[in-house]
Amino acid sequence: MSNIQLVSSRRGSGPVLVVIRQLDREGWAPVIDLLAREREVVAVDLPGFGDSPPLPDGATPTVDALAGEVARWFSTVGFTRPPVVGNSLGGAVALELARTGAVSNAVALSPIGLWSSPEAAYALGSLRVARMMAERLGGRTARVTGNPFGRTLAFWQLVARPRQMTAQAADGALRNLARSPGFEATRRAARSYRLRGFAPGVPVTVAWGTRDLLTPLHQARRAARLLPGARHLRLHGCGHSPMSDDPGRVAHLLLSASNS
């Protein structure tokens, strides 16, 4: 068992909703603004991402290990089975928390782990290339994020409409990608992760962007076969990180799911 303390932030008031974040902090910001009108939104950074420290040396950051860390964090902040939501890696963590009954409700947006080996290699290899680009830019990320073409070049796989991203959000996303110390170890560990089917004992929603180019929509059909008891939705016109494409629709989905 590790002794790291995950870093989180709180916004709003009302029933608690936990947002699990990794590389997608800027994407979640407009959604959290909307959710905070009706919920106390607690956004937690996974180990090795954002402001949270990585797992101790020797600990492999598998999806199961990350889910276990989040479950332990619940007890440190006084949460008992809160509802959770995550995108991509965070979505897989949310599903594993639902599997173990550590949460009362889970929403997964384009979760990883529904891929074949070639699909995993493509998605994770693409992210590695993006990371290398962000690292090489260093403090010059604004050269890419300051114009619509640069934002398209950097985020076309993740966001359906990258030209609509603000320069500030895009710059923050690239900087977060470059500075996350847990990225490479987590990327390597994720290659072998496959979601195992289970019958959810709590309400589970899996939503997929119809323009997801990183984990394409056909993976949603695998999710439907593995999780027949979950609710499966399509987010039309959205990419892998739908929060950036349509924050209003994502917020509405999360509010309706947490009321179920």
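Mentor: A quick definition before we start: helices here are DSSP runs of H or I with at least four residues, numbered from the N terminus. Glu96, for instance, sits in helix α3. Keep in mind that this whole model is predicted.

Trainee: Okay, let's stay with that helix. How many residues does α3 have, and how far does it reach?

Mentor: Helix α3 covers residues 89-100, which is twelve residues. From its first C-alpha to its last it reaches 17 Å, close to the 16 Å expected at 1.5 Å a residue.

Trainee: Is α3 mostly covered or mostly open?

Mentor: For that we need a cut-off: a residue counts as buried under 20% relative accessible area. Ten of the twelve residues of α3 are buried, so by that cut-off the helix is mostly covered. Among them are Leu89, Val93, Leu95 and Leu97.

Trainee: Which elements do those buried residues pack against?

Mentor: Two helices, α2 (63-76) and α8 (183-190), are on the list. The strands β2 (16-21), β4 (83-87), β5 (105-109) and β6 (204-209) are on it too.

Trainee: Back to Glu96. Is that residue buried or exposed?

Mentor: Glu96 has a relative accessible area of 3%, so it counts as buried. Look around it and you'll find contacts with Val63, Asp64, Ala67, Tyr193, Leu195 and Arg196, leaving out residues up to four places away in sequence.

Trainee: How do I read a nonpolar core? Which residues touch the most other members of the largest one?

Mentor: Think of buried nonpolar residues joined through their side-chain atoms. The largest core here has 61 residues, and Val18, Ile20, Trp73, Phe74, Val93 and Leu97 touch the most other members. Val93 and Leu97 are also on the list of buried residues in α3.

Trainee: Trp28, Val31 and Ile32 belong to which helix?

Mentor: They're in α1, where the buried residues are Arg25, Gly27, Trp28, Val31, Ile32 and Leu35. Looking down the axis of α1, those buried residues fall within an arc of 135°, so they line one face of the helix.

Trainee: Let me try another one. Which residues of α9 are buried?

Mentor: In α9 (residues 218-226), they are Gln219, Ala220 and Ala223. Down the axis of α9 they fall within an arc of 105°, so here too the buried residues line one face. The elements covering them include α4 (117-137), β6 and β7 (231-235).

Trainee: Now the loops. Where should I look for a positive phi in a residue other than glycine?

Mentor: Arg81 is one of them, with phi near 50°. Arg81 lies in the loop between α2 and β4, and its relative accessible area of 39% makes it partly exposed. Ser88 also has a positive phi, near 65°. You'll find Ser88 in the loop between β4 and α3, and at 12% relative accessibility Ser88 counts as buried.

Trainee: What about the largest pocket: how much space does it hold, and which residues lie nearest its centre?

Mentor: About 930 Å³ of space lies in it. Its lining has 47 residues, with Leu23, Asp24, Phe155, Leu158 and Ser241 nearest the centre. Several helices each supply at least two lining residues, including α1, α6 (148-155), α7 (167-179) and α10 (242-245). The largest share, seven residues, comes from α4.

Trainee: Which residue is 241 residues from Leu17 in sequence, yet 7.8 Å away in space?

Mentor: That's Ser258, and the 7.8 Å runs from C-alpha to C-alpha. Ser258 lies in α11 (residues 247-258). Setting aside residues up to four places away in sequence, Ser258 touches Arg39 and Asn105.

Trainee: One last stop, Thr145. What does it touch?

Mentor: Thr145 is in helix α5 (residues 142-145), and its relative accessibility of 1% means it counts as buried. Beyond four places away in sequence, Thr145 touches Arg151, Ala167, Ala170, Asp171 and Leu174.

Notes. Residues numbered from 1 in each chain as written. Predicted model: local features only at pLDDT ≥ 70, side-chain atom pairs only at ≥ 80, totals over all residues. Heavy atoms only, no water. Core = buried A, V, L, I, M, F, W, Y, C linked by side-chain atoms within 4.5 Å. Buried < 20%, exposed > 50% of the residue type's maximum accessible area, 1.4 Å probe, protein only. Expected span 1.5 Å × (residues − 1). Contact = heavy atoms within 4.5 Å. Arc of directions from axis to C-beta. 1 Å grid on protein atoms, 1.4 Å probe; cavity = no way out; pocket = protein on both sides within 12 Å on 5 of 7 lines; lining within 4 Å. Points joined across faces, edges and corners; volume = space filled by probe spheres on them.
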